[in-house]
Amino acid sequence: MTATVSLSVLDEFGGSKRLTPDKLRYVQANPLPTKPVDLAFREAMATPIAAKPFERERCWSPAIILSDSTRKQSPFIRQLINLIEPKTDDIKIIFACGTHVPADQTFILKILGEDIYRKYEKSIKVSSTQNPSSKYEWIGVTGRGTPVELNKELFDRDLLISSLNVQPHYFAGYEGGAKALLPGCSGLKTITTNHGYVIGNPNCRELMIKGNPLREDVNEVPGILKEYMKIEHRIIDFVYNQNGTLVKAAYGDPNLAHQQLAENFSRRAHTVQSRPSPLVLARADGPMGQNLYQALKASAFATGLISKEDQPKPAVILLATLENGIGSDAFRKEMETYGKMEPSAILEDLKKRAKAGKVTEASQKPNRFALDDPKADFLVVSPNAPSVVEELLSKTRIRFYREIDDALKSVDSKLYERDVAVLPYGSATVPISA
């Protein structure tokens, strides 16, 4: 759907005198029919996908696995607790943060609610490679040779039920599914090895599952966990419309249930065909706008909408709050290393590092930037971002501004003479040029 709406998206970032309403084209997907949370949960549990009904699961000592603070949270936490408690009160709640900042007490309390938090406070765990209390143990190897090291908090459980949002992911195809385990509950060696498959591989991108080596590697982990530790993994993942309304949930096998949600619902809810534009403004909406590491995903998606013209070179302007700064030290180091290099040199060096096993969990960022940089110039606008963001981007080819009009002054005015595409839900919109 392409529509002209209010300028509230731009106003959120200080507004613009250069971009008048007649120049703007808001691009977003048509919302799919919605369902109440309780109904979506009941329907999902009543029709398990490639798994036995929950009533037949052993579930003596389960764990509920939830997302980190940079992602949309499950609407089913209370429903899961109510479903499990008749079987057992030995329930762990694990926040799967991967390499991201560990979920803190304020966030956990907000997500769980005070009653659940107080009841299960001693059983709440946070898996993050930045959390000193997270301990990992080797349990096997994937077919591609990735050593699988998972958080030991999983190993006294007989059933894992993860509940993650499914939307496009810029190198894993889609969020959700087995990503609850890798990277969510994996050690750093596992994550860096897995993320190394991204380097120089064009199949590691949004909307791709089959043929995506990183995603296929991730999808092996539930089977390894079952084979070596006798622990079952189930998901009750979900799809939101871009406006935050619930579309669909699915319960069952972490790969097959996820695939159905991704291909039948997320693809429809999060992609949109539209004519290309020489200038695209992408708003990093929701939790992903909090830090630069996550916000840049919206820039990557936006490249699908830029025109193929060479002169003047098209541009993507990222709009993000960035109140939590950069995102991680590994990301900062990667961007400082490659920020000013030519794209071909970046890819060449990253491939050498990947072959030597020396990539980091953040190496995929300069990799994607190197792939996209020839297509467009990249700018970031964030009125209130902390100074560390501006300092980092000054060392890169990405230009930083506090105001939209200052960013516009830095590009050729021909880019915004008549047709500027705006992605108000840039973190969850994959535009496809018509």
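**Figure 1. Lining of the largest cavity, by residue class.** Around the largest cavity sit 16 nonpolar, 15 polar and eight charged residues (Ala, Val, Leu, Ile, Met, Phe, Trp, Tyr, Cys and Pro count as nonpolar, Asp, Glu, Lys and Arg as charged, and the others, Gly among them, as polar). This is a predicted model: local features need pLDDT of at least 70 and side-chain atom pairs pLDDT 80 or more, while totals for chains, interfaces and linings use all residues. Residues are numbered from 1 along each chain as its sequence is written, and side-chain values use heavy atoms, with hydrogens and water left out. The largest cavity holds about 370 Å³ of space. Its lining takes in 39 residues, and D68, R71, H100, E175 and K179 come closest to the centre. Two or more lining residues come from each of β3 (62–67), α6 (188–195), α7 (213–218) and α10 (292–302) (helices, H or I of at least four residues, and strands, E of at least two, are DSSP runs numbered from the N terminus). There are three cavities of 30 Å³ or more in the count. On a 1 Å grid over the protein atoms alone, a cavity is a set of points where a 1.4 Å probe fits but cannot get out, a pocket is an open set with protein on both sides within 12 Å along at least five of seven lines, and lining residues have an atom within 4 Å of a point. Grid points are joined across faces, edges and corners, and a volume is the space filled by probe spheres set on the points.

**Figure 2. The second largest cavity, with α10 and α13 in its lining.** This one comes to about 160 Å³. Lining it are Y170, L296, S299, A300, M335, K365, R368, F369, D372, F378 and I398. The elements giving two or more of these residues are α10 and α13 (364–372), and α13 supplies the largest share, four residues. Sorted by class, the lining has seven nonpolar, one polar and three charged residues.

**Figure 3. How α10 packs on α13.** The two helices meet at an angle of about 20°, their axes 11 Å apart (axes are lines fitted to C-alpha atoms, for helices over the stretch in contact, and angles run from 0 to 180 degrees between N-to-C directions). That's why α10 and α13 are roughly parallel to each other (under 35 degrees is roughly parallel, over 145 roughly antiparallel, 65 to 115 roughly perpendicular, and the rest oblique). α10 passes α13 in a left-handed crossing (the near helix is turned anticlockwise from the far one by less than a right angle; clockwise is right-handed). On the α10 side, Y293, L296, K297 and A300 make the contact, and on the α13 side Q364, K365, R368 and D372 (contact means heavy atoms within 4.5 Å). The tally here is three nonpolar, one polar and four charged residues.

**Figure 4. The α2 and α3 pair.** Helix α2 (residues 37–46) packs on helix α3 (residues 77–84) at about 50°, axes 10 Å apart, and the pair is therefore oblique. α2 goes past α3 in a right-handed crossing. V37, D38, F41 and M45 of α2 touch Q79, L80 and L83 of α3. Five of the contact residues are nonpolar, one is polar and one is charged.

Figure 5. Most residues other than glycine have a negative phi, and most peptide bonds are trans. C59 isn't a glycine, yet has a positive phi of about 50°; look for C59 in the loop between α2 and β3. L182 and P183 are joined by a cis peptide bond, omega about 15°, and P183 is in the loop between β10 (173–174) and α6.
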